[in-house]
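Student: I'm new to this one. Could you take me through a single part of it, slowly and closely?

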Amino acid sequence: MSDFLRSWLVLVVFAGLAVLLVSAFLGLGSLLRPSRDTPQKTINYESGVDPQGDMWAQSNIRYYVFALMFVLFDVETVFIFPWATRLEVYGVFGLVEMAIFIFILALGLFYAWRKRLLRWV
Amino acid sequence: MTFAVELAWWQQTGIRAVVGLLAVLLPAGTLVYLFLFKMMSFMQSRLGPMEAGPYGSLQLLAEVGKFLQKEDIIPRKADRIVFKAAPFVVLISTFLLVLVIPAGPDAWFIDVDTGIFLALAVSSISVIGILMAGWASSSKYSLMGGLRAAGQLVAYELPLVLAVMGVVIQAGTLNVQDIVMAQATGEIFGWGGIGNPFIFTQFLGFAIFLVAVQAELTQPPFDMPVAESEIVTGYLTEYTGLRFLLFFIGEFATAGIFSALAATLFLGGWYVPGIDPTNDLFNVLGPAILLGKVVLVAFLIFWFRFTYPRFREDQLQQLAWKVLIPLSLANIVVTGILKVVF
């Protein structure tokens with residue numbers, strides 16, 4: 001196997017390590033802890049009173065808008081990363097190109113700002 | 001230079017796995033004891049734990065022993081599989097994050113050319129775990145907390161990534177090992193006496209990075225997802241005993257690793273000025289030097305944590321979108337211009 005694939009295999013090993021640690025902890029705990037289930041215990045906590053209504057509630061639209069903005073800007077950073085790595089090679093040409101790119105993005109952010117999408121109401 | 005003894009790949013990986021386990025748990029324990037137990041107590045004019053071990057140094061083990069004996073309660077209406085899987089996802093994110101941090105010229109877990117990109121990518125996996133925890137608990141507080149956490153983490157993910165971009169521009173590489181080397185051999189506007197720890201040329205980036213890390217860790221003043229006076233403990237409300245402890249370990253291990261990341265990117269990582277960076281000595285000294293810098297950065301993070309009161313939810317979002325993101329975009333442009341001009 002090539003060195004490249006091997007270093008990524010280490011990643012899989014570490015993910016396995018995390019699963020192992022959590023399992024070991026929970027396994028050890030299950031040997032030590034008591035288990036006396038009563039119906040009262042398994043009710044959701046809602047400040048001491050019995051919970052009202054259904055828990056699977058609808059969520060507010062504002063989370064969706066922010067998530068959408070995040071996706072836009074995250075895709076942008078994907079484009080900036082290779083440019084940032086090779087800036088020395090591109091020189092002034094790369095600089096001007098990226099200045100235009102970032103300007104358009106900043107314009108987008110400003111538009112969202114003026115449209116009052118950045119307000120958390 | 002490599003080790004005097006040549007090891008097979010699986011032996012190396014075995015050693016890395018053991019060291020990785022230590023690298024996650026040891027800084028986490030150190031931070032909890034040093035800052036959460038002791039520094040916070042001293043700042044509040046009390047002694048903190050004193051009974052278990054000298055100056056309460058074994059308090060943490062006692063806590064783990066306590067949590068091991070707690071009953072494991074899963075709410076009746078919860079989605080059991082997702083509820084149980086959430087701590088795994090959070091811990092996987094933490095363990096993958098520690099991978100990219102080098103502790104010496106040859107002491108690394110993984111040496112890939114996209115190192116810092118990998119770190120930023122896996123750091124956002126924990127959002128999924130937190131959202132899973134919030135949604136699966138089927139509690140209103142948990143759902144609110146989970147959504148708040150998701151909104152906060154994605155908002156501060158951007159300044160975090162954009163602040164790192166300045167370092168990438170200066171170093172000209174995504175490989176974390178090469179970024180450390182660039183700081184060790186670099187010079188500040190022609191003066192190379194102490195190399196170029198990027199904190200000097202990227203101070204704005206460092207400041208943005210720290211603020212974003214603070215928010216990513218959902219620590220005060222950015223702890224609305226677990227604000228106890230508003231929504232009990234947010235997405236952790238229904239978690240008891242060990243599962244709660246696992247989230248707690250995840251949080252403090254991530255605090256340690258983000259501090260290590262900040263130390264590596266901005267403070268020169270395992271390098272100290274005065275010794276040649278290719279010297280074999282760094283394979284031994286490197287981890288200790290890195291840990292020293294981690295404690296330094298973590299001190300800053302926890303200092304903020306214990307000093308500032310909680311923000312409001314809208315203030316939090318405005319800080320990210322209206323201050324930090326424009327600032328970090330400007331930082332990229334200015335760094336780029338300076339890089340091309342000089």
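Tutor: Let's look at helix 5 of chain B and what surrounds that helix. A word on the source: this is a predicted model, where local features need pLDDT of at least 70, side-chain atom pairs count only at pLDDT 80 or more, and totals for chains, interfaces and linings use all residues. Residues are numbered from 1 along each chain as its sequence is written, while chains are lettered from A and ligands numbered from 1 in the order in which they are written.

Helices here are DSSP runs (H or I, at least four residues), numbered from the N terminus, and strands are runs of E, at least two. Helix 5 of chain B covers residues 125-136, and at 1.5 Å a residue its twelve residues should span 16 Å; the end C-alpha atoms are 17 Å apart, which agrees. That expected span is 1.5 Å times one less than the number of residues.

Now, how covered is helix 5 of chain B? Mostly: ten of its twelve residues are buried. Buried means 20 or more other C-beta atoms lie within 10 Å of the residue's own, exposed means 12 or fewer, and partly exposed is in between, with C-beta atoms placed from the backbone. Among the buried ones are Val127(B), Ile130(B), Leu131(B), Met132(B) and Trp135(B). So what do they pack against? The buried residues of helix 5 meet helix 3, helix 4 (115-123) and helix 6 of chain B, where contact means C-beta atoms, placed from the backbone, within 7 Å.

Just after helix 5 of chain B, look for Ser138(B), which takes a positive phi of about 55 degrees.

Two of those neighbours also face the other chain: helix 3 (80-98) and helix 6 (140-171) of chain B each supply at least two residues of the side that touches chain A.

How values were computed:
Contact = placed C-beta atoms within 7 Å.
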